[in-house]
Every structure is written in structure tokens, then in C-alpha cells.
Amino acid sequence: MPKHTFKLNGEQVTVEVPGEVRLLWVLRDVLGVRGPKYGCGIGVCQACTCHINGKAFNPCSVPISEIGPDDEITTIEGLPATVGKDLHPMQQAWLDRDVAQCGYCQPGQIMTAVATVRKVREEGREIGDEDLDKIRNVCRCGTYQRIREAIRAGADATE
Amino acid sequence: MPSPGLTDAYDLSDALTHAALPTSNLITVAVNPDGTVSFALHRAEVGQGITTAVAMLIAEEMSLPLEKVRITLADARSELVFNQLTGGSNTIHAIYTPVRLAAAVARERMKLTAAQQWHVPVAELDLAGGVIAHRSGKRATYGSLAKTAASPTTREFTPQLKPAAEFTIIGRPHNRIDALAAVTGRKQFAMDLDVPGAKPTMVRRAPTINGTARSIRNADQVLTMPGITDVAIISTGVAVRGETFGQCIDAVRALDVTWSPGTVDGESDETLLRKLKAATPPVKPALPLTTAVDAEFTFAFASNTPLETNCAVADVRKDRAEIWSSLKVPIIAKQQIAQRLGLLETAVTVHVVEGGGSFGRHLFHDAAMEAAEASRAFGKPVRLMWHRTDDFRHGRAHPMCFSRIRATCAAGEVLTFEQYHTSVKTDFGHGFGELITGTVTEPELGNYSVAQTIFLLSQHSPYAFGVTTQLLNEVPLEFHTGSMRNVYSPNVRCAQELVVDQLAAKMGKDPLAFRRQFAREERYRKVLDVLAEKGRWGRSLPAGVAQGVALAHEYKAVAGALVEIDARPETVGREVPVHEGVTGPRVTRVTFVVDPGLCINPRGLEAQMLGGINDGIATALTFGLHIDRGLPLEGSWDNGFYTRQWNVPPEVEVIIMPDSGADPGGAGELAVAPTMAAVACAYARATGTMPTTFPINHHDPLRFEPLPREPSIPQSPTDGLDKAF
């Protein structure tokens, strides 16, 4: 069986699994990293959102064979370490506003939020309503208003 | 003209609370040597925040910091009978006093133990922060007294509860006790549990609802696929077990199965509507010299799928079984799983896991039963999960229904209000039925079915409209149905409030002033007054933008929504630069007022109102199922348009009324009906046309290409990196 090596939350990992298995299942079922959640498996709900080299993506839609040894995968578990703290400012903003209800979609929401802020900053702008309107992540509990507030606050707290 | 309803005297909250009463005190608050206090909650946490609220009740009664209280979910406890059912937004109403009593028993036992050790009267002891102190300078923590305080025998003891005037925790905003776990990815749902040997398991389902697998043509071939360990027919399809869910998806899709027909193969939206209409009684002829308002409304099926799909872990052995799942009626799950497996009920252990949403779904144990069947068939533990497409198509849904209304008025009075509501049968076979028939013994209810009883116990017109008739009929079709958040109320109240607006127009009255005039209770008028002021009722808005207002009285609480909707063509036709993002009219502003009686946690209550508001918007505008030849067409979140960020109202304000001194009411479902109704009323005013089909976009051309019926689930894409941002 082919071996695949990549960086996961700062550590080099190697897995033996057929190349077409999507990364979400490599993370959850092979490596036991359970922060990224299954919500649809077809790249719609965004519950599994993680980062690859700092960019948001859906591991449910990426075969493990497409991940290379230099690729850095960050899941919600590894997000705080990217800023060298116990919590990323976005997670703290989430706590301050008590955003989560059931919490199932929230790891994906936070990973999307961090990438959205980074992308908007790279474009030389601050987060606006249009940016928030573009976020696809489904929250069936309907925590959307607090998510919007938390993203703005998290952006303010992110350097 | 007064029109008292049954719910004035006795409602669904009373029925649920009374059913739980006989065993309500069979609960224990445990004090641990480390100074923490534990409680295994006999209700399901699915996002509604009851673990936090219950921790607050215990912390309050024991004068402890909230961080010292540990809440877990109790396993199925058969001895609790009707007192382990989470539904009807009833948890806090039912357990507010029993939990406080249990905490007070622990507190008094601690004080008594300290008093005995120090030879001082209990009355001289002070208590703060989990420390008992005496003016002599003696101090002891709960933790240090825990062992000594344990009573070797059970004794009768009725402690005094802390008076409300002394509350320092109840009524103040607290963040959820599981918030840190949620934002760090550490919160564990059923699929996150590591049960030895429990490997991923999925099910291939029939092309129509309730179709069954007759045979597998290629089981041997599928068993040779990478990672696949087991394949077997179970009652709901063909189960496969493998090393990863990804490999299970491949195997499910590769299976070649012969199917027997389902139970509703010939049914589509059109056939269903004909049957619903045929089963609805005609309205009574209007009396001479009265003005009649007639209206008919159709409500599509709506999925109660939560974000976590149906899932369960099961380890079934010859002589015992162990199940882990999010279950709101775990005792019934345990009984039915034991029966199916041919085991004694005592040989089945059912662990209740926190759920990733419910909205009615976890009243049923569909995944737990499947997992038990699959584990027995394989002789191995399984971690069974539904695909999202199955969750939409084969999961439970709020059934399609039809409402026929006639209201008559004359001389400034509403004389009659008749509403005949007909629904495809709602499955209450999860224990609600036994509970209702076991507790509601009023003779006048004797001949009503469970559904009619629940309808009568929950449906309540907030307006004094003369002779008010509200009746439910059912069309007995075997769909997978169940309650969805707020059960009958969103549809029933939406239809009512639209007709209320028509009545107001006929009588030349302002819609809000009209509601105020006919409001049955002072509580409603107060809610309306705050709505009018904070929501700026009647403010000037451009053509195509309008306000709507609606009320709800349920779960011992009163609530009202004032909504503004933008239905201008440029808004309706707006594009969102998001793949398959469906727009339509946008709710731009919501003012929501809630009078919960006593509020335990304002921050949690506000969260529940926000969630209900987004549900109400979805149910009114975009979120329904199209039934086509025995199967919903919707199979993904890009087909079933639950509210997404591009449809979220930019301005929302939730106002909590001051405590009225009443007991706490229910919150989990309260906001859905008034929001849905207010959105519909606002839309009618904005467009000049009363909507009669819900969701409002249901008859638009389909905005999606339906996923194939076979195989039952789609393959995962491979282009994820192209979409990275």
C-alpha cells in the first residue's frame, strides 16, 4: 500500500492508505484527529474545513495522493500553535461571544473565519458584510449572527 | 368575545412535566473529594444549552462556582419511565425544581456533617464558594466533607430551596460550559468516540423510501475492495464495514443490489396535496351579514436533519449489547433494540452522547437500531454513520400539511375562526405516545389519537376571536416523519397570522393595533408594545420592503417577532458569488421579544431565540423537500436551502422581558413559529400577495440538478485543492 507523508499540525506524519482515500478520512479514521467533522462529504457544508499551507480547504474533497511531503495541514487542534498561544484570537472571540450551540460545525466555521480574515487582509481590506455573506459553512443551529460578530472581533484581535 | 382554549388550563408542557413527576426525584447530585460536584443529567444535550442551565441550577443551590459543577449525560435508566424524554422544550420546566432539590439535599447534608463535627448548630453556618464556615473560625470545603457526609441509608428529607431573591447565578448571563471544548475541536460526538474494534460502517439504501434489499449480486467482489471487512443485508438496506468511511462510500456505491419496493413509491407532491385536501373538512357556511376571510395553505415536507448526520456506535455480542448515540428517548431505544436483538433489556446498555443538533431528529433511534443490527450481522463492533444525502432523503422529516381557514367578522368583532389542519401522519412512535396516553386522562380527550392530543395541547390562538376551532386530521402514509423544531406551530401559526392580517385589513385596522386589541392576555400586549417600539413599527420603508408581526404562546413562554423583508426585484434576483447559493427575498431586520417567565441564562436564551429565528426564516422562504415518486429530490445542503450567511438578517435584536415571577418556560423551539409567521406576513405586505405555499420558493424552477437515486450516495469530489482560499 502506498505511503503518504505530510506535515500535520507541525509534525511530520506518514500513513499507509490507498491514494484515493480522501484526506478527511485519513485524518479522522487513520490518524484519529477528530476535530474536523463530517457534514456532507461533497464539499458543500464546510464542516470539515482545515488549512493547507494556510489556505482553507475541504479535506473531504482531496485524495491523500494529492498531498505532498511539504504540505502543511492544520486542523482545529493545531490552530493555536500557528500563533504560538493556547488559543487563536478567533477561538477567543468565539468564546467571548459564546457562539457555539451544539458545536458540531464550529471547528470548520473557525477555520473558515481565520482564512477569510487572512484573505481579506491580503487584499488590503477589512472584513465587510459582503465577505461574511460569502461564507458557505452551514450552521443548522443558526448561530450565524454570533459568528458574524465573532469574525469581526477576531479580525480586530488578529495581527 | 372570549374563547378559552384547552391550552389555557393544561398544555403540552404540563403533560410532559406531569408524566415525569412520579420519578422526578430519582436523581442524585454527587459531591466529590476534589470539591467538584457531579450530576448525570437525564435529558439529552443537543445544542440547546441544558447542561449549562442545569450546572447553573446546581451551582446556585449549593453556593458553588459554576466551574466546580460537572454535568454528564445519564445512560438510559429504565426506572425513570417517562422522566428521560427530551422534547417539547420541556427540560427546564420539568426539572427546575427536582434538580434544585437534589442539590439542596447535598448542601444540607454537607452542612449537617460540618455542624456535627464542630458541635455547633447548623443555623450558625455560613456557606460560600463551596466552603462551609463558622464564626469560631472553623472552615471546611465540600470536598473535605464528602466522604464523611455520605449516608449509608436512604432517608426522607425535604430541604428548603434558596429563595429567588437570593439568586446570584440564575438569571445572569453565563457562557456554555462546553464552549472551550467546542472551539478547540475537543468536544466529542458519537463518531469521535474510540470504541475498540468499532470500524466505520455505512448503509446502501433503496431508491425509494422504505425500500428493502432483496439480494446482493456482488457481495464477494465488494468484500475484496480495499479496506472493506464486512457486507450484510439489514432491515434498512445493505451495511458495509471498512477501515475508513471513504472506503465504505466506495463500497456502498459499488454494491449491486436488488430492491423490493418502498411504502410510498407512487407519491409525489401533487398526489400528496390531493390526499391532504380530500381529508380536510369543509369550513362551515358563513352567517348572513358577516364578512368571511377564506384561505388555504400548503406546507412542503421539511427535513429536520441536523449537521451531525444520524450515527451510532454499537458493540453487540451474543449475550449483551452496548450502544452509544445521541438519543432523546433512550429508554425506548433500549427497549426496542433489546427486542430486535432478542436480548433482555438488562443486557443492553445505552449511553447517551451529546448530539450535533437534533431539531426533533433524535427523538428517534434510527441509527442506533441500524448500528445494533449491523454489529449483530457482522459479529463485530461498528461505528455507523449516515451519508448526508441519505439524511435528507431517508431521514425523518416534518410531514407535508395543508391548512384550510375561514374567519368571519361583523361589527368590529371576529365571530368565528376555523382552522382545519391536515398532515401526512407524524410518527410519534418514540415514546411521546405512551407518555401522552399514560398521563392525559381527561375524558374529553379519550377518543383523540396521540397526534390530535399533542395538537390540542400545543396549538393555542393568542387572540380572542369568538368561536375558535382548530382541528388536526392525518393522512396515514408511511413516510419517515417526525416532529421538527416546534412541531405543528410554525405552519399552524403562520397560516393563522396571515389570516389575522387579512381580518385587520377587512376591518380597516393596523395589523399590530389589531393584534393588541384582540390579545388574550396582558403578557401579549406587553410583548407587542416592546416590539412596536424597538422594531419601529410602521416606519417608512421603500416600496417592496415591508414589516410583519406575529406572536406565540407556548412552553409557558410568550414571544413575538417583528420582521422586515426586502422583496424588491434587485434583492430577490441578487447573485451571491457562491456556488449554487440560493437567494430570494432577504429578511433585513428582526426584532424579537421573549417573556420566558423566569429566565435561567439570558445568554443561552438569546442563543436559542437566534437559532429559532434562522429556522423560521428558512421554513418560510427556502427550506423544504420536493417529493418525487417516493423520494425527496433534495440530497445536499446546496439543494435543501437552510439559511446560509447570504440570507442571514444583518440586524437582529433579541429583547428579554423582566422576570414575571413565573416558573421558567421552554426556549428551544419557541422562536420558530412567530418568526416564520412574521416573515410570511411581511412578504405578503411587501409583494401585495398573500403567500399560500411554503417554503415560498417551493414552486420556483428547481435550482439544482437532483443527485441520482442509485447508488444512494454520491462520490466525494477530488477538486478540493482547486477551491482552497
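Modeller: Start with a term. A helix axis is a line fitted to C-alpha atoms over the stretch in contact, and angles run from 0 to 180 degrees between N-to-C directions. Keep in mind that this is a predicted model.

Colleague: At what angle do the axes of helix 3 and helix 5 of chain A cross?

Modeller: Helix 3 of chain A and helix 5 (residues 144-157) of chain A cross at roughly 45 degrees, and their axes come within 10 Å.

Colleague: Why are these two helices of chain A called oblique to each other?

Modeller: Angles under 35 degrees count as roughly parallel, and 65 to 115 as roughly perpendicular. The crossing, at roughly 45 degrees, is therefore oblique. Its hand is right-handed.

Colleague: Which residues meet there?

Modeller: From helix 3 of chain A come A:Gln109, A:Ala113, A:Thr116 and A:Val117. They meet A:Ile147, A:Ile151, A:Gly154 and A:Ala155 in helix 5 of chain A. The contact divides into 5 nonpolar, 3 polar and no charged residues.

Colleague: Now the sheet. In what order do the strands of chain A run?

Modeller: The order is 2-1-5-3-4, in an open sheet of 5 strands with mixed pairing. Strand 2 (11-16) and strand 4 (55-57) of chain A each have a single partner strand, so one side of each lacks a neighbour in the sheet. From one strand to the next, the twist averages 40 degrees.

Colleague: In which sense do strand 3 and strand 5 of chain A pair?

Modeller: Antiparallel, over 2 bridges, using residues 50-52 and residues 72-74. A:Ile52 stands opposite A:Ile73.

Colleague: Where does helix 3 of chain A lie on the strands?

Modeller: Helix 3 (residues 106-122) lies across strand 3 and strand 4 of chain A, at about 140 degrees to strand 4.

Key. Residues are numbered from 1 along each chain as its sequence is written. Chains are lettered from A and ligands numbered from 1 in the order in which they are written. This is a predicted model: local features need pLDDT of at least 70, side-chain atom pairs count only at pLDDT 80 or more; totals for chains, interfaces and linings use all residues. Two strands pair if DSSP finds at least two bridges between them. Helices (H or I, at least four residues) and strands (E, at least two) are DSSP runs, numbered from the N terminus. Two residues are in contact if their C-beta atoms, placed from the backbone, lie within 7 Å. Angles under 35 degrees count as roughly parallel, over 145 as roughly antiparallel, 65 to 115 as roughly perpendicular and the rest as oblique. A crossing is left-handed if the near helix is turned anticlockwise from the far one by less than a right angle, and right-handed if clockwise. Ala, Val, Leu, Ile, Met, Phe, Trp, Tyr, Cys and Pro count as nonpolar, Asp, Glu, Lys and Arg as charged, and the others, Gly among them, as polar.
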